[in-house]
Amino acid sequence: MAFCRFLYMVLVSCVLAEDPKIYFVEKFEDESYTDRWVESTFKGSDAGKFKWSAGKFYNDADLDKGIQTSQDAKFYGLSAKFDEPFSNEGKTLVIQFQVKHEQTIDCGGGYVKVFDSSLDQKQMHGDSPYLIMFGPDICGPGTKKVHVIFNYKGKNLLTNKDIRCKDDEFTHLYTLIVKSDNTYEVRIDGSKAESGELEADWDFLPPKKIKDPKAKKPEDWDDNKKIDDPEDKKPEDWDKPQHIPDPDAKKPDDWDDEIDGEWEPPMIDNPDYKGEWKPKQIDNPNYKGEWVHPEIDNPEYQPDDSLYKYDDIGALGFDLWQVKSGTIFDNVLVTDSVDYAETFAKETFEKTKEGEKKMKDEQDEKERKEREEEEKKAKEEEEKKKAEEEEEEEEEEEELYECISSGSMSGIKAEYENSEEESKDGEKSEEAGTEEEPKEEASSEEPTSEEPSEEDKTTEEASTKDEL
């Protein structure tokens with residue numbers, strides 16, 4: 001009887017339990033997604049295109065297809081409206097999606113924005129008002145965070161917590177859970193990364209307490225732990241100059257006081273200098289501790305139990321800038337059920353995660369083997385070239401040896417002797433030429449070695465007259 005009653009209660013509970021609300025789901029299973037998503041034209045030629053792709057490694061070539069950024073240094077704007085706008089009043093709001101930075105991103109966003117139903121999709125851009133912005137943002141080594149930004153009364157509020165995102169090349173699952181009790185939780189790959197209260201981790205409201213503007217520290221309040229020892233006195237020989245003239249310095253011999261001025265020795269550090277004297281410190285007998293400014297209730301603080309609530313949730317979009325493209329988004333879900341989001345993740349993300357890791361490892365192993373094969377081939381070619389060069393050298397040496405062995409040495413010897421004789425003949429000719437040169441010089445100089453005689457001059461004059 002007790003078992004029947006238990007079974008009945010289970011059945012009643014199942015009947016009364018509400019089905020999860022699936023406000024939006026997109027698995028990008030085929031290219032018909034373009035009918036549901038609208039590209040923004042706001043950036044004109046600076047806008048990049050999404051392409052339908054599973055990337056370079058995946059679990060299932062078809063099921064793992066998502067939308068991938070395809071152009072470097074571009075803005076990306078793409079949004080989809082929900083079938084019906086909704087309010088999360090009194091309910092849990094779950095926003096979940098997959099991000100895969102296959103390109104090992106260096107700078108760019110990987111987040112989604114949730115808008116109200118008034119979004120102008122064609123004109124969506126960075127300043128378009130949104131309700132929630134959630135997801136990873138990476139730029140260099142300094143920025144690797146998960147953004148969780150809530151719009152409250154027209155202001156975008158960033159979280160006071162530092163939530164680190166994943167920055168590798170694999171698919172990761174990002175889940176934001178906002179509950180109606182004004183608490184939240186951020187999950188990465190199904191595990192809690194951060195959680196807490198909205199009011200504590202965002203500046204939704206003014207502080208509950210403020211410093212009492214009327215309160216002032218009493219004039220006789222002594223908050224110095226230590227004081228100078230009144231009995232400590234500075235030694236009479238304490239004061240010494242920090243620098244003194246160098247006693248070893250000598251005035252240069254060529255120093256001219258009238259031209260160079262009065263000579264002064266250079267200064268050096270004084271070894272007797274002790275620095276500024278300070279009295280010893282002792283405990284302050286009048287120390288009262290650090291004065292704490294009294295606080296009062298902030299008159300501007302008004303509690304709000306609806307920090308979590310949005311009345312018109314109607315669209316979701318990607319509004320991004322990426323320096324290096326290649327990011328893939330997939331399996332976007334907006335629901336009111338954490339359980340359903342977990343089940344959805346098991347059917348999608350968990351399968352993708354295991355399969356793509358296996359495929360990537362296989363690709364890496366293949367590339368490693370190819371690289372090793374190329375290196376081995378290059379090494380073999382280098383060794384082959386070296387062996388060929390050594391073989392050519394050996395062949396030349398063998399040819400020379402064969403010449404010597406086959407009797408060609410006599411010919412080589414005859415050629416050597418002929419060359420020696422030619423060399424000797426040449427040397428003799430050079431020596432003979434050197435001995436004759438002075439004689440020629442002497443004969444050539446004889447006519448001019450003496451002045452012409454008077455008889456020669458008379459003969460020349462008579463000859464000239466005859467010619468005339």
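A word on burial before the rest: a residue is called buried under 20% relative accessible area, exposed over 50%, and partly exposed in between, with a 1.4 Å probe and protein chains only. What you see is a predicted model, in which local features need pLDDT of at least 70 and side-chain atom pairs count only at pLDDT 80 or more, while totals for chains, interfaces and linings use all residues. Residues are numbered from 1 along each chain as its sequence is written, and side-chain values use heavy atoms, with hydrogens and water left out.

Confidence, then. pLDDT is the predictor's confidence in each residue, from 0 to 100. The chain has a mean of 86, and 83% of its residues reach 70 or more. One is residues 1–17, with 0 contacts beyond four places in sequence; a contact here means heavy atoms within 4.5 Å. The other is residues 457–468, with 1 contact beyond four places.

Now the fold. The chain has 22 strands and 7 helices. These are DSSP runs numbered from the N terminus, H or I over at least four residues for helices and E over at least two for strands. Taking contacts with a separation of 6 or more, 73% are between residues 24 or more positions apart. Of the 468 residues, 29% are buried. The accessible surface is about 32,200 Å², and carbon and sulfur atoms supply 47% of that. Those areas are from the Shrake-Rupley method with a 1.4 Å probe, where for residues only the protein chains shown count as cover.

Next, the cysteines. How many disulfides does the structure hold? The count is 1, taking a disulfide as a pair of cysteine sulfur atoms within 2.5 Å. The partners are C107 and C139, with sulfur atoms 2.1 Å apart. Because C107 is in strand β7 (residues 107–109) and C139 is in strand β9 (residues 132–139), the bond ties together parts 32 residues apart in sequence. The torsion about the S-S bond is about -85°, so this disulfide is left-handed. Buried or exposed, where does C107 fall? C107 is buried, at 17% relative accessibility, while C139 is partly exposed at 36%. C165 is also on my list: its relative accessible area is 10%, so C165 counts as buried.

Last, the charged pairs. A salt bridge is a side-chain nitrogen of Lys or Arg within 4 Å of a carboxyl oxygen of Asp or Glu, and the structure holds 24 of them. I will show a few.

D223 meets K217 with an N to O distance of 3.1 Å. D223 is partly exposed at 31%, and K217 is partly exposed at 38%.

D311 pairs with K309, the closest N and O atoms being 2.9 Å apart. D311 is exposed at 54%, whereas K309 is partly exposed at 22%.

E350 pairs with K353 at 3.3 Å between the closest N and O atoms. Both lie in helix α5 (residues 349–405), and because they are 3 residues apart there, about one helical turn separates them. E350 is partly exposed at 27%, and K353 is partly exposed at 33%.

Finally, K100, E102 and E356 are linked in a network of salt bridges. That is where I will stop.
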